[in-house]
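Hi there,

Here is the structure I promised to pass on. Have a look at it first, and then read on for what turned up.

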Amino acid sequence: MTKVLNTDFPRVGFLRFLRHASNIVKNPLPFHHANFERLGDTFELRIGPAASVIFSKNADYLRYTLQKNQRNYTKSKIQTRDLAKYVGRGLLTAEGDHWQRQRKLIQPAFHKKQLQLLLDTMQKVIAVELQKIKLDEAANIHEVFNDLAFQTVIKTLFSGGVTAEQIAQLQRTTEEAQQMMVKELRQPFLVWWFKSSGKIKKHLDAVGEARIVLKELVNQRRASGKRYDDLLDMLLDARYEDGSEIEEEQLIDEILILFVAGHETTSNALTFTCELLARHPQVLQKVQQEALALTRSGADIMTMLKEAVYIQQVLQESMRLYPPAYFIDRVNYKEDHLGDYRLPEDSTLLFSVYEIHRSETYWERPLEFDPDRFDPQQPRQHSDYYFPFGAGPRMCIGNNFAMYEMILVIIQLFSAFSLEEKTTPIQIRPLITLKPKDAILVFHQYES
């Protein structure tokens, strides 16, 4: 007997969406959580008279769309159109044959062996940036990590030749463009005003100026004839299957994507990790012991990365509770089904990684900070419902780069400093990524 599928997901109406619109703009997660509690792990949200989005915290559904039937799913227009408008059609926003071509071209640059060439630069940038932490006084650590992560990306890309003024311009442009995009997404009924008032054009013009700066940096490198074995050299060396090199506009697209995806997620994860360590002194003590042992061992950088086992567990658990990419979107090409529900073609799906990572369905004591759940001596029991870097063919290409950077930061940071204990709740600011809010911490010189 053929199973009859349900054609209707539990639904949240458009009027309910409008009533909560002001709160959704500030932080949509409580609204989504309340609907999950009321309607189950998947529901449809009407965001206009004839427009809707399906929200889900079902890990099986997410894994199905990312892995088992990934050929039937593409990224939504949030990335392929809205984000691409600001950062171009790089690897993050590309789809179809264009994405496959770019992935094959860029993948070798992020191989572990290639990344080893960047570790020394990464280590030096981190050392300089951590000196900016003011000791014995309350300060927002996210500002330090944001600058650190951006400096790491730009200096592993360009090595030398980029000025402080250019760095500031590139950083400001990418961050302000993201804020504009968030306003467009969360207030779709005001997009007409954003266009007519010139707000969108202002940010697009700023992105255009940033692209000119990047082209100048690329042309300077080509004219110099020097090699730095940095990411830019790796991208310039890369060749498509027909032997051709990457065109200038496409290269700029890929560089902008690296700025957006490569610095913000890392700075967010590092900030939340420190916020958690400030509230869990016993975990912090173990981190400090491992960091000191690694620093004093005299080991090379790659060996330290491999032996920083507990620090890696802490970072993994931090990204479970506060995943930087807290939503994953997909749209199906053809009609499909999710469990007992029929999914009409061209349905927009938003999977809440934040909710999946905090679900009692998949985790014991899900709201507790427990790095031991990622002990490598234990079976890999979380792989089916842990998505800090996505999954499947479109898993984040820079996951190793990010992990290397974060581990090195934690080693350097906590072999030198300690954190003053804190008990207030951690605050969040969900934008395109999950950002921390008011991450005020006090660091002291560590005395072992």
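Which strands does helix α4 lie across? Helix α4 (residues 59–68) lies across β2, β3 (51–56), β4, β6 (327–332) and β9 (348–352), and runs at about 60 degrees to β6. Please keep in mind as you browse that this is a predicted model.

**The sheet**

Those strands belong to an open sheet of six, in the order β1-β2-β3-β9-β6-β4, and the pairing is mixed. At the edges are β1 (11–12) and β4 (73–74), each of which pairs on one side only. β1 is joined to strand β2 (residues 42–48) in the parallel sense, over two bridges.

**Two helix pairs**

Next, take a look at helix α8 (residues 119–130) and helix α9 (residues 141–158). Their axes are 9 Å apart and the helices pack at an angle of about 150 degrees. Angles over 145 degrees count as roughly antiparallel, so that is how α8 lies relative to α9. The contact is made on the α8 side by T121, M122, V125, I126, E129 and L130, and on the α9 side by V144, F145, D147, L148, Q151, T152, K155 and T156. Sorted by class, the contact of α8 with α9 has seven nonpolar, four polar and three charged residues. The crossing of α8 past α9 is right-handed.

The other pair is helix α15 (residues 281–297) with helix α19 (residues 399–416), whose axes come within 8 Å and cross at roughly 100 degrees. α15 and α19 are therefore roughly perpendicular to each other. From α15, the contact uses L284, V287, Q288, A291, L292, L294 and T295; from α19, it uses I410, I411, F414 and S415. Here the classes come to eight nonpolar, three polar and no charged residues.

**Aromatic rings**

Finally, the structure holds 15 aromatic pairs. One of them is F272 with Y322: the ring centres are 4.4 Å apart and the planes sit at 10 degrees, so the pair is stacked. F272 lies in helix α14 (residues 248–278), while Y322 is in the loop between α17 (309–321) and β6, so the pair ties together parts that are 50 residues apart in sequence.

Key. Residues are numbered from 1 along each chain as its sequence is written. This is a predicted model: local features need pLDDT of at least 70, side-chain atom pairs count only at pLDDT 80 or more; totals for chains, interfaces and linings use all residues. Side-chain values use heavy atoms; hydrogens and water are left out. Two strands pair if DSSP finds at least two bridges between them. Helices (H or I, at least four residues) and strands (E, at least two) are DSSP runs, numbered from the N terminus. Contact means heavy atoms within 4.5 Å. Axes are lines fitted to C-alpha atoms, for helices over the stretch in contact, and angles run from 0 to 180 degrees between N-to-C directions. Angles under 35 degrees count as roughly parallel, over 145 as roughly antiparallel, 65 to 115 as roughly perpendicular and the rest as oblique. A crossing is left-handed if the near helix is turned anticlockwise from the far one by less than a right angle, and right-handed if clockwise. Ala, Val, Leu, Ile, Met, Phe, Trp, Tyr, Cys and Pro count as nonpolar, Asp, Glu, Lys and Arg as charged, and the others, Gly among them, as polar. Rings of Phe, Tyr and Trp (its six-membered ring) pair if their centres lie within 6.5 Å; planes under 30 degrees apart count as stacked, over 60 as edge-to-face and the rest as tilted.
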